[in-house]
Amino acid sequence: PNLYSQDFLTQFGDNGNRESDTYIKINKADGTGTPLEEEIRSRLDSAVKENENLLKQQIALSKPRIVICGNTYYYLKSIYGLEDIDWYNGYIIADLGENKDVLIINSYHPAAHVSAIMSYFGITGIYQQALKNGWQK
């Protein structure tokens, strides 16, 4: 299934209201072509460092309850001074500025060669584990 299927959004409490979805992308390419793998990390590091305040503003405006990082938790961690994710459970509950008790999941990058169904079940399983452990949406 598509990660944005109605079943997925309903599972996360969206009820089909697309206004509650926010997608923030940190662009690591300058539009001149596909960067080499070793350049990607350098460009992404630079983009995050140069735009840290803008990223914080975007997150503050979107008021997230759940953040799913596409293998980019490292950057969110560095911006907000967060702890490592508890890999046993696959998530962390943290404050992102004014947004308290945000569920943060680090998943695969969307371009990773992982089936959509595995990503879907992985993310929903982590979400269900967080609910079971007392996190409230």
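Helices (H or I, at least four residues) and strands (E, at least two) are here DSSP runs that are numbered from the N terminus. By this reading the chain has 5 helices and 3 strands, and from the N terminus on the elements follow the order α-α-α-β-α-β-β-α. The model is predicted, so that local features need pLDDT of at least 70 and side-chain atom pairs count only at pLDDT 80 or more, while totals for chains, interfaces and linings use all residues. Residues are numbered from 1 along each chain as its sequence is written, and side-chain values use heavy atoms, with hydrogens and water left out.

**The chain as a whole**

Of the 137 residues in the chain, 31% are buried, where buried means under 20% relative accessible area, exposed means over 50%, and partly exposed lies in between (1.4 Å probe, protein chains only). The accessible surface of the chain comes to about 9,200 Å², and 50% of this belongs to carbon and sulfur atoms; such areas come from the Shrake-Rupley method with a 1.4 Å probe, and for residues only the protein chains shown count as cover. Among the contacts (heavy atoms within 4.5 Å) with a separation of 6 or more, 55% are made by residues 24 or more positions apart.

**The hairpin and the positive phi values**

Strand β2 (residues 91-96) and strand β3 (residues 99-107) pair in the antiparallel sense over 5 bridges, pairing being assigned if DSSP finds at least two bridges between two strands. Leu-96 has Asn-99 of β3 as its bridge partner, and in this hairpin, with 2 residues between the strands, Gly-97 takes a positive phi near 65°. Asp-101, which is placed in strand β3, also has a positive phi, near 55°, although Asp-101 is a residue other than glycine; its relative accessible area of 43% makes Asp-101 partly exposed. Lys-63, likewise not a glycine, has a positive phi of about 45° and lies in the loop between α3 and β1 (66-70), where Lys-63 counts as exposed at 61% relative accessibility.

**Salt bridges**

A salt bridge is taken as a side-chain nitrogen of Lys or Arg within 4 Å of a carboxyl oxygen of Asp or Glu, and by this rule the count comes to 2.

| Salt bridge | N to O distance |
|---|---|
| Lys-56 and Glu-52 | 4.0 Å |
| Asp-84 and Lys-77 | 2.2 Å |

Lys-56 and Glu-52 are separated by about one helical turn, because they stand 4 residues apart in helix α3 (residues 52-62). Lys-56 is partly exposed at 30% relative accessible area, and Glu-52 counts as partly exposed at 28%. In the other pair, Asp-84 is exposed, with a relative accessible area of 52%, whereas Lys-77 is partly exposed at 26%.

**Helix α5**

Ile-117 has its place in helix α5 (residues 116-132) and is partly exposed, with a relative accessible area of 35%. Together with Met-118 and Phe-121, Ile-117 makes a nonpolar surface patch of about 310 Å²; patches are made of residues with over 30% relative accessible area and no salt bridge, like charges being joined within 9 Å and nonpolar side chains (Val, Leu, Ile, Met, Phe, Trp, Tyr) within 5 Å. Thr-124 also lies in helix α5, but Thr-124 is buried, with a relative accessible area of 6%. The side chain of Thr-124 reaches the backbone oxygen of Phe-121 at 3.3 Å, a polar contact being a pair of N or O atoms within 3.5 Å, of which, within protein, one must be able to donate a hydrogen and the other to accept it, while residues adjacent in sequence count only if both atoms are side-chain atoms.
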